[in-house]
Amino acid sequence: MDQENLLKTALEARKFAYAPYSHFTVGAALLAKDGTIYSGCNIENAAYGPSNCAERTAFFKAISEGKREFLAIAIVGGMEGSEATQYCPPCGVCRQVMAEFCNPEQFLIILGAKNQMFKEYKLKELLPLSFMLEKN
Ligand code: THU
């Protein structure tokens, strides 16, 4: 797992964030099992509700291109125009999307902050007892 490269891709994606309402910009980089990396940024909307988080942008890009297996996601966020000083943990909705496609024991969520600092969690640590239905 190349955390550094994934975090770098997330930082690049953060530059494309569209966040004129919150001014909080987020970038994500999702690593698929085949090695492909899908980036994503948050995309806000004047009606607020249609806004999309960086993590889900990355997941939906990957899934819409046929990927279903994932190893890790790197996330960086902070106020527009400033470095990602604090860790930006994924919101509950994004965690539920991760639970749909990722192994909770294996999927890694890598949170980046400044000075190359990062923290790593397994999905099951951030979303214990997740709601699931049998797939058929
Ligand atoms: N946001 C993300 O993109 N990912 C997160 O993990 C937390 C929040 C976005 C949503 C909204 O555009 C802005 O950050 C402020 O909540």
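**A friendly tour of the ligand site and the core**

Biologist: Hello! Which helix and which strand each supply at least two residues of the shell around the ligand?

Modeller: Welcome! Please keep in mind that this is a predicted model. The residues around the ligand include F24 and V26, along with A54 and E55. The elements that each give at least two residues to this shell are β1 (24-32) and α2 (54-63).

Biologist: How many residues of the shell around the ligand are nonpolar, polar and charged?

Modeller: Among the residues around the ligand are V26, P89 and P90, and also S22, N42, E44 and E55. The shell divides into eight nonpolar, two polar and two charged.

Biologist: How much of the 370 Å² that the ligand exposes when taken alone does the protein bury?

Modeller: An oxygen atom of the ligand is 2.9 Å from a side-chain N or O atom of N42, and one is 2.5 Å from a side-chain N or O atom of E55. A polar backbone atom of A54 also has a ligand oxygen at 2.9 Å. Of the 370 Å² that the ligand exposes alone, the protein buries 77%.

Biologist: How many disulfides does the structure hold?

Modeller: A disulfide needs two cysteine sulfur atoms within 2.5 Å. For C41, the nearest cysteine sulfur is that of C53, 11 Å away. For C53, the nearest is that of C94, at 3.9 Å, and C53 is in no disulfide. The number of disulfides in the structure is zero.

Biologist: Is C41 buried or exposed?

Modeller: The cut-off for buried is under 20% relative accessible area. C41 has a relative accessible area of 11%, so C41 is buried.

Biologist: Which element gives the largest share of the largest nonpolar core?

Modeller: This core has 25 residues, and those touching the most other members include L30, F59 and F70. Its contributors of at least two residues each include β1, α2, β3 (70-79) and α3 (92-101). The largest share, five residues, comes from α2.

Biologist: One last stop: where does N103 sit, and which residue's backbone nitrogen does its side chain reach at 2.8 Å?

Modeller: N103 lies in the loop between α3 and β4, and at 35% relative accessibility it is partly exposed. Its C-alpha is 8.4 Å from that of K124, although the two are 21 residues apart in sequence. The backbone nitrogen that the N103 side chain reaches at 2.8 Å belongs to E105.

How values were computed
Residues are numbered from 1 along each chain as its sequence is written. This is a predicted model: local features need pLDDT of at least 70, side-chain atom pairs count only at pLDDT 80 or more; totals for chains, interfaces and linings use all residues. Side-chain values use heavy atoms; hydrogens and water are left out. A residue is near a molecule or strand if one of its heavy atoms lies within 4 Å of it. A polar contact is a pair of N or O atoms within 3.5 Å; within protein, one must be able to donate a hydrogen and the other to accept it, and residues adjacent in sequence count only if both atoms are side-chain atoms. Accessible areas come from the Shrake-Rupley method with a 1.4 Å probe; for residues, only the protein chains shown count as cover. Helices (H or I, at least four residues) and strands (E, at least two) are DSSP runs, numbered from the N terminus. Ala, Val, Leu, Ile, Met, Phe, Trp, Tyr, Cys and Pro count as nonpolar, Asp, Glu, Lys and Arg as charged, and the others, Gly among them, as polar. Buried means under 20% relative accessible area, exposed over 50%, partly exposed in between (1.4 Å probe, protein chains only). A nonpolar core is a set of buried Ala, Val, Leu, Ile, Met, Phe, Trp, Tyr and Cys residues joined through side-chain atoms within 4.5 Å.
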